[in-house]
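Here's a quick tour of a protein model for you to follow on screen. Take a look at the picture first, then come back to the notes and check each point against it.

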Number of protein chains: 2
Amino acid sequence: MDAWILSIGNELLIGRIVNTNASWLAKRLVFLGFDVKRIITVPDSIDDIVEELGRGLEKAKLIVTTGGLGPTYDDMTSEAVAQALNRQLEKNEKALIMVREFYSKKRLPLTPEREKMAYIPAGARVLPNPVGAAPGFIAEEGDKSIVVLPGVPVEMKSIFEQYVEPYIRRKYNPDRKIAEYFIVVKGVPESELAPFINDLSRRNPDVYLKSHPKGHETRSPLLDIRILVSGLDDKGINEKASRMLSAIEEKAKSLGGTIVEKGRSI
Amino acid sequence: MDAWILSIGNELLIGRIVNTNASWLAKRLVFLGFDVKRIITVPDSIDDIVEELGRGLEKAKLIVTTGGLGPTYDDMTSEAVAQALNRQLEKNEKALIMVREFYSKKRLPLTPEREKMAYIPAGARVLPNPVGAAPGFIAEEGDKSIVVLPGVPVEMKSIFEQYVEPYIRRKYNPDRKIAEYFIVVKGVPESELAPFINDLSRRNPDVYLKSHPKGHETRSPLLDIRILVSGLDDKGINEKASRMLSAIEEKAKSLGGTIVEKGRSI
């Protein structure tokens with residue numbers, strides 16, 4: 001199953017920002033069983049976006065785009081997706097409620113520019129943005145999907161984890177299983193364990209490791225580490241996750257840490 | 001003048017590494033007067049590389065590629081460039097000398113895998129690699145150029161700065177001028193001045209700022225900052241560079257630094 005990532009925005013093409021969104025998404029898509037065949041950065045230009053969406057629709061099952069969903073005139077991703085799919089751009093009532101709520105909480109008016117963020121291609125399914133104004137959406141075309149996400153990393157990641165990942169697993173990979181284990185380590189600052197975790201992560205593309213610091217970083221550090229392994233074989237992924245857990249446990253102990261808790265989450 | 005950047009390598013598509021090469025190159029190309037219209041990451045696959053090179057040759061004056069120049073079987077950039085230009089891959093005598101010297105200095109044998117790095121498309125011009133084994137090259141086709149660089153960032157940057165930048169300026173932008181100023185600051189650690197410099201750099205795409213720490217980072221810091229401004233108008237770029245220099249001087253003094261030296265380099 002091939003996937004393409006489309007990164008939209010002039011600021012990427014002048015080198016003002018590094019495209020960390022693309023590598024984050026690539027890692028997640030590989031974890032979910034996809035072969036990422038292209039990461040393409042295009043300018044804020046309808047024709048360029050439509051051109052690459054057209055190619056992507058021919059070659060991949062899934063296209064994930066980031067950027068170009070905001071309120072300004074140079075945010076044109078929704079319009080480009082509508083054109084690429086030969087559909088109308090429509091005011092989506094659910095999206096409008098989300099956008100209206102976001103601004104009313106901030107006591108800001110719903111200007112036409114802001115309302116523009118509620119326009120998505122006909123037939124698309126809106127995705128709530130838990131941390132920002134612009135909703136994402138999924139537009140399906142036959143057995144293919146275009147997933148459209150904002151460019152702000154925290155918004156992109158949040159929508160992906162909450163809505164896109166479950167959607168992709170259901171639609172494209174119902175047989176792929178995920179084992180999630182956790183281990184809580186006390187007494188080791190995150191920065192000391194990080195090189196080991198990063199290295200483990202790099203060497204195992206089918207494993208997704210997240211560490212959440214909970215206590216104080218240096219005085220009384222508490223680290224909640226999640227180990228996710230994906231694959232088709234239930235036994236295999238559980239064994240692999242257990243091995244990862246043991247490796248992290250051993251390393252944490254060698255750094256003077258103690259294990260508060262560990263086990264299987266799902 | 002449009003430019004494309006082609007990043008070659010599976011490790012970018014599985015999210016193992018972030019594509020910092022592309023943003024570095026984009027910044028330099030914008031500085032040299034180009035509009036970067038695409039940054040495309042492709043797998044280590046001849047067909048994929050040839051496909052995107054073909055599109056790039058149709059649409060851009062300049063294509064810069066990174067990656068896929070090493071000794072292993074999955075390094076296939078040279079072969080792909082040869083195919084895209086409909087040329088033979090030939091053993092290049094200058095390239096062979098470079099590769100042979102690199103390994104003989106390390107007292108390592110010239111295996112067939114290593115010798116492979118001396119094969120470049122017929123008619124291409126080899127670019128010495130001052131810090132690594134694989135030479136780069138430039139292949140011209142009419143008024144278009146494909147610049148082929150290794151993926152290791154320090155090698156890519158070194159070849160670009162020493163050989164590619166002068167080539168590009170001569171061929172594509174003989175009227176574009178560059179003003180270079182310098183200022184040497186004493187008593188401010190690089191990390192304290194960095195946020196200001198980064199911000200200045202972000203807000204001015206036509207300016208290239210480099211800071212080289214020379215003394216000890218914290219005990220007796222000495223910073224050599226280079227300010228490069230490019231443009232068509234000699235007076236304008238000099239005025240802009242002077243303004244940048246003054247801003248940095250003021251900031252450095254406010255952080256307790258003293259100015260050891262300042263002036264115009266070119």
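The notes below go through the contact between the chains, a helix pair and a sheet.

Keep in mind that you're looking at a predicted model. Chains A and B touch each other, with 24 residues from chain A and 24 residues from chain B taking part. Inside chain A, we'll stop at the packing of α2(A) with α7(A) and at an open sheet of 4 strands.

**Where the chains meet**

- Sorted by class, the side of chain A that touches chain B has 14 nonpolar, 5 polar and 5 charged residues.
- β2(A) also pairs with strand β2 (residues 35-42) of chain B, in the antiparallel sense and over 3 bridges.

**Two helices side by side in chain A**

- To describe two packed helices, you give the angle between their axes and the distance between the axes.
- For α2(A) and helix α7 (residues 153-172) of chain A, the angle is about 15 degrees and the axes are 10 Å apart.
- Angles under 35 degrees count as roughly parallel, so α2(A) is roughly parallel to α7(A).
- The crossing of α2(A) past α7(A) is right-handed.
- From α2(A) come T20(A), N21(A), W24(A) and R28(A), and they meet P153(A), M156(A), K157(A) and F160(A) of α7(A).
- By class, this helix contact has 4 nonpolar, 2 polar and 2 charged residues.

**A sheet with a helix on it**

- In chain A, 4 strands make an open sheet with antiparallel pairing, and their order is β10-β11-β9-β12.
- β10 (207-213) and β12 (258-264) of chain A are the edge strands: each has a single partner strand, so one side of each has no neighbour in the sheet.
- On average, and ignoring direction, neighbouring strands of this sheet are turned by 15 degrees against each other.
- Strand β9 (residues 177-186) and strand β11 (residues 222-231) of chain A run antiparallel and are joined by 10 bridges.
- Among the residues in that pairing, I183(A) has I225(A) in β11(A) as its bridge partner.
- Helix α9 (residues 234-254) of chain A packs on the sheet and touches β9, β10, β11 and β12 of chain A.
- The direction of α9(A) makes about 15 degrees with that of β9(A).

Notes: Residues are numbered from 1 along each chain as its sequence is written. Chains are lettered from A and ligands numbered from 1 in the order in which they are written. This is a predicted model: local features need pLDDT of at least 70, side-chain atom pairs count only at pLDDT 80 or more; totals for chains, interfaces and linings use all residues. Two residues are in contact if their C-beta atoms, placed from the backbone, lie within 7 Å. Ala, Val, Leu, Ile, Met, Phe, Trp, Tyr, Cys and Pro count as nonpolar, Asp, Glu, Lys and Arg as charged, and the others, Gly among them, as polar. Two strands pair if DSSP finds at least two bridges between them. Axes are lines fitted to C-alpha atoms, for helices over the stretch in contact, and angles run from 0 to 180 degrees between N-to-C directions. Angles under 35 degrees count as roughly parallel, over 145 as roughly antiparallel, 65 to 115 as roughly perpendicular and the rest as oblique. A crossing is left-handed if the near helix is turned anticlockwise from the far one by less than a right angle, and right-handed if clockwise.
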